[in-house]
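Please keep the sequence and the structure in view while reading.

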Amino acid sequence: MAPIPTHGAEPDDSTESYVGLEADGAERLARERGWSTVRSLPPGTIITMEYRFGRLNFEVEDGRVRRCWKG
C-alpha cells in the first residue's frame with residue numbers, strides 16, 4: 001500500500017490581502033509567499049469542492065482579484 005502523503009505547513013498568509021490586487025501581481029505575490037498552486041477563475045465558474053493542500057484560488061473580474069480562498 002502507498003504511504004499516506006504528509007504536507008508541511010501552508011503559508012501563513014491572509015487570503016484577504018489579495019482582494020483588490022491586479023491578478024498578475026497577486027499571483028506573483030502568492031508564489032513568492034510559498035503557494036505551490038495558484039488558480040485564477042472568472043466569476044461563476046463551476047469547480048469541484050475538493051481541498052488541495054497548497055493551492056490558492058482567485059476569483060478574477062476585470063483583471064482584479066475579487067475573492068480569494070485556500071484549497
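Accessible areas come from the Shrake-Rupley method with a 1.4 Å probe, and for residues only the protein chains shown count as cover. On that basis the protein exposes about 5,000 Å², and carbon and sulfur atoms supply 53% of it. This is a predicted model, in which local features need pLDDT of at least 70, side-chain atom pairs count only at pLDDT 80 or more, and totals for chains, interfaces and linings use all residues. Residues are numbered from 1 along each chain as its sequence is written, and side-chain values use heavy atoms, with hydrogens and water left out.

**Overall architecture**

- In sequence order the pattern is α-β-β-β.
- The C-alpha trace spans about 45 × 25 × 15 Å along its principal axes.
- Contact means heavy atoms within 4.5 Å. Of the contacts in the protein with a separation of 6 or more, 39% come from residues 24 or more positions apart.

**Burial and the nonpolar core**

- Buried means under 20% relative accessible area, exposed means over 50%, and partly exposed lies in between (1.4 Å probe, protein chains only). Of the 71 residues, 30% count as buried.
- A nonpolar core is a set of buried Ala, Val, Leu, Ile, Met, Phe, Trp, Tyr and Cys residues joined through side-chain atoms within 4.5 Å. The largest one has 11 residues, among them Tyr 18, Trp 35, Phe 58, Val 60 and Cys 68.
- Helix 1 (23-32), strand 2 (55-61) and strand 3 (64-70) are the elements that give two or more residues to this core.
- Val 60, a member of the core, is in contact with Ala 23, Ser 40, Leu 41, Pro 42 and Pro 43, when its neighbours within four places in sequence are left aside.

**Charges and salt bridges**

- The protein has 10 positive and 12 negative side chains, and the centres of the two sets lie 3 Å apart. Lys and Arg count as positive and Asp and Glu as negative, while His and the chain ends are not counted. The place of a charge is taken as NZ of Lys, CZ of Arg, CG of Asp or CD of Glu.
- A salt bridge is a side-chain nitrogen of Lys or Arg within 4 Å of a carboxyl oxygen of Asp or Glu. The count comes to seven.
- Asp 13 lies in the segment before helix 1 and Arg 33 in the loop between helix 1 and strand 1 (37-41), so the pair ties together parts that are 20 residues apart in sequence. Asp 13 is buried at 11% relative accessibility, whereas Arg 33 is partly exposed at 36%.
- Glu 50 and Arg 55 are joined by a salt bridge of 3.7 Å, N to O. Here Arg 55 is buried at 6% and Glu 50 is partly exposed at 36%.
- Glu 59, buried at 9%, pairs with Arg 67, and their closest N and O atoms are 3.9 Å apart. Both residues belong to a network of salt bridges that also links Glu 61 and Arg 66.

**Loop between strand 2 and strand 3**

- Asp 62 lies in this loop and is exposed, at 78% relative accessibility.
- Phi of Asp 62 is near 55°, a positive value in a residue other than glycine. Most residues other than glycine have a negative phi.

Methods: Helix = DSSP H or I, 4+ residues; strand = E, 2+ residues; numbered from the N terminus.
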